[in-house]
Amino acid sequence: MQNCILYREAGFRATGAALALPPRLRSPIYGGAAPATRRRVALSAQEKVFPAPGGFDYPSSFASATFGGALVKRILWMVLALLVAAPAWAQQYDVLIRNGRVVDGSGNPWVYADVGIVGDRIAFVGRAGESVTAKRTLDAKGLIVAPGFIDMLGQSETTLLIDKQAVSKLTQGITTEITGEGESIAPQNDFTIAEAKDALEHYKLSVDWRTLDEYFQRLEKQGSGVNLATFVGATQVREVVLGKEDRAPTEHELAQMVEYVEDAMLDGALGVSTSLIYAPASYAKTDELIALAKTASKHGGIYATHIRNEGDTELQALDEAFRIGREASLPVQIWHLKVAGRENWGNMPKVLAAIEKARAEGLDVTADQYPYIASATSLGATIPPKYHEGGVDQFVARLRDPATRAAIRKELESAPSGSLENMWRGTGGPQGILVASVLSPALKKYEGKTIAQIAAMDRKDPLDALLDLVIADRDNVGAIYFEMNEDEVRLAMQQPWVSVDTDYGAVSTTGPLSESKSHPRAWGSFPRILGKYVREEHVLRLEEAIRKMTSLAAQQVKLDHRGMVRPDYFADLTLFNPETVRDVATFDDPNRPSQGIEYVFVNGVLSLEHGQVTGQLGGRPLRGPGYAAREYAPEGLAPRGKIAGVITDEEGWPLPRTKVTLSRASGEVVGTFETRKEGRYEIPSEAECDPCTLKAERAGFAPAEREVRYNGSNSLWFSFALRRVEAGDEH
């Protein structure tokens, strides 16, 4: 009975039926006059409620009012059936995309359909008639209209503050990025800020936030080319509490870490994450991670992980992730799924079998990947984690010590032992490691060179050349590691629970983010799948590839109303040419935008047009399931108001060709609408109209009108039942 609130006014019969409906769908739908002037009619204990389509309930006394129960029931059923149907009648859209092939993200086959956008939402999907109008109409003939792509691991939380355009994301169709791999953007303290000093000074970036909410406020204020959602990193909270000490936290310190995770979840983190091959993340034991994951679980979060080893002991590393998921009772996301190290090639079937077994046992575990045979991380990550203890200054100082260098050489050149992931050995040595980026301008000559080439240039031993370069750039060197197998990349890609990531921050062809080379995955991951693996090699169906890029990703991290082309979903859309879409970035020449991505909308904002970034910023922070302020600060723009309803005759049959006019007291017409066969009208308006007159006129029927008070934002619903009259007696 809680939904059965009915507003009734005097003059109901004289001015036609005004049906009051409860809030539903996108906007509140009101009947009668403005809320301040309506009289509430309470339901008596004797009044029955009859069900209606769409989950609405109405009192039986209302069904018997005015025209008789059967008639009004028929009207209600018809009205509510129309409400839940996708409308195709004429109305004003901000953008109307016509003639495209819609791949809606569900995995279903494509269909021809038009898509209407109002504000930041998709308002219509279907075949729009010729009379349907919009502020801008795009002809998508020959194009695929898909949900905006979701990058399941992107690393742009800092780069968006340097260049908010997100060029490398938009040019491959990405509208939303997920980030926060172990070291997240928050929380921050003096130690974590000092550790990032070199990069912060280079890019003239200040850290004026400490909490995730403060970071989101800064991002929202400055604007962003793409949406951004983030995890809180277990590494980050460890550094805030322990620095980079290689030890277990005390009971009090662990309680502090738990509190930081709790705060971040309430600020909108998606869950808690780890990156366990790196220091100081590798110093954490499993029990510590379970405690943090339990906190995320309490707020509906998930556990995302760069597992402890992706090579020699990958199956054991997966078991640890599964244990954390089970004991903390939350889903698990395996980031950038791979089998690393040449000596481990052939193990992908075992890895997939382990994940399938965990899923069969009831654990919600999924994964994502980038479609390349080379990974990327810091050059310093080649060096075992124990040497990183204490932070950058201590790490660099150790590398200058001859005894330490000898110990590092022995470990890297020895047979596998423990959980260490040995990328030096996994790439086959110095010829398999490519320097992608440096911070110091004096070291630019090394970008695009392998460690073997650098050693030859400087006439050094290859490992000495690597260590010296890490020292010279204070562990700010980015490197690419050729350690995966193409057949295993394809095999992982074919799994229905594997989505897509770039694992790279937004970069550009101009400005400070164009200074260095990058990994081609930064520019081409999504188009590479659509071109190489869908069109050319038929590894995936087009619809399945798009499902992985959109709705699967949204499901994995619990993004609400994203990842599908459906009414009321946010208008994140990517339009591309299926015949020309492809990646053109290479390892030799990586900073090249992909081809074939024609248009990108981010929350209804046209952010890419004909493959070029428009400069319009539609992105926003996306908050996770535990966000404390969601009820009074919902995401998205306020709904645009409208006056709508259905016109019928007295027997409940819809009346087409009825003219409905909304006019001010002065006689100025605010808007008109002529009904079609459904009898429905809809007059959108952002203008306040208090009071106005709403009038319905049709030949052969007596006109009906009523006074309305409309504030321009809250939608109103008025339905008229017109009385049939003899010819010439309409007045």
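1. Start with β14 and β15 (residues 271-275): two bridges join them, and the strands run parallel. Within that pairing, Val232 has Val272 of β15 as its bridge partner. A word on terms: two strands count as paired if DSSP finds at least two bridges between them. Helices (H or I, at least four residues) and strands (E, at least two) are DSSP runs, numbered from the N terminus.

2. Before going further, bear in mind that this is a predicted model, where local features need pLDDT of at least 70 and side-chain atom pairs count only at pLDDT 80 or more, while totals for chains, interfaces and linings use all residues. Residues are numbered from 1 along each chain as its sequence is written, and side-chain values use heavy atoms, with hydrogens and water left out.

3. Back to the sheet. It is open, has six strands in the order β14-β15-β16-β17-β18-β22, and its pairing is parallel. At the edges sit β14 (232-233) and β22 (498-500), each of which pairs on one side only. Helix α11 (residues 314-328) lies across β16 (302-306), β17 (332-334) and β18 (365-369), and runs at about 155° to β17. Such angles run from 0 to 180 degrees between N-to-C directions, with axes fitted as lines to C-alpha atoms, for helices over the stretch in contact; contact means heavy atoms within 4.5 Å.

4. There is also an open sheet of three strands, ordered β19-β21-β20, and here the pairing is antiparallel. The edge strands are β19 (374-378) and β20 (433-437), each pairing on one side only. On average, neighbouring strands in this sheet are turned by 30° against each other, direction ignored. Four bridges connect β20 with the antiparallel strand β21 (residues 478-482), and Leu434 stands opposite Ile480 in β21.

5. Now for the packing. The largest nonpolar core has 87 residues, and Leu337 and Phe576 touch the most other members. By nonpolar core I mean a set of buried Ala, Val, Leu, Ile, Met, Phe, Trp, Tyr and Cys residues joined through side-chain atoms within 4.5 Å. Leaving out residues up to four places away in sequence, Phe576 touches, among others, Leu143, Phe149, Leu530, Ile546 and Ile597.

6. Is Leu161 buried or exposed? Leu161 counts as buried because its relative accessibility is 10%, the cut-offs being under 20% relative accessible area for buried, over 50% for exposed and partly exposed in between (1.4 Å probe, protein chains only). The residue is found in helix α3 (residues 159-162). Beyond its neighbours within four places in sequence, Leu161 is in contact with Leu205, Trp209, Tyr215, Arg218, Leu219 and Gln222. Tyr203 is 42 residues from Leu161 in sequence, with 9.6 Å between the C-alpha atoms.

7. Some backbone spots to look at. The Ala279 to Pro280 peptide bond is cis, with omega near 0°, and Pro280 is placed in the loop between β15 and α10 (286-298). Asp690 and Pro691 are likewise joined by a cis peptide bond, omega about 0°; Pro691 lies in strand β31 (residues 689-697).

8. Two non-glycine residues with positive phi deserve a look as well. Gln155 has phi near 70°, lies in the loop between β11 (149-151) and α3, and is partly exposed at a relative accessible area of 24%. His610 has phi of about 50° and lies in the loop between β25 (605-609) and β26 (612-613).
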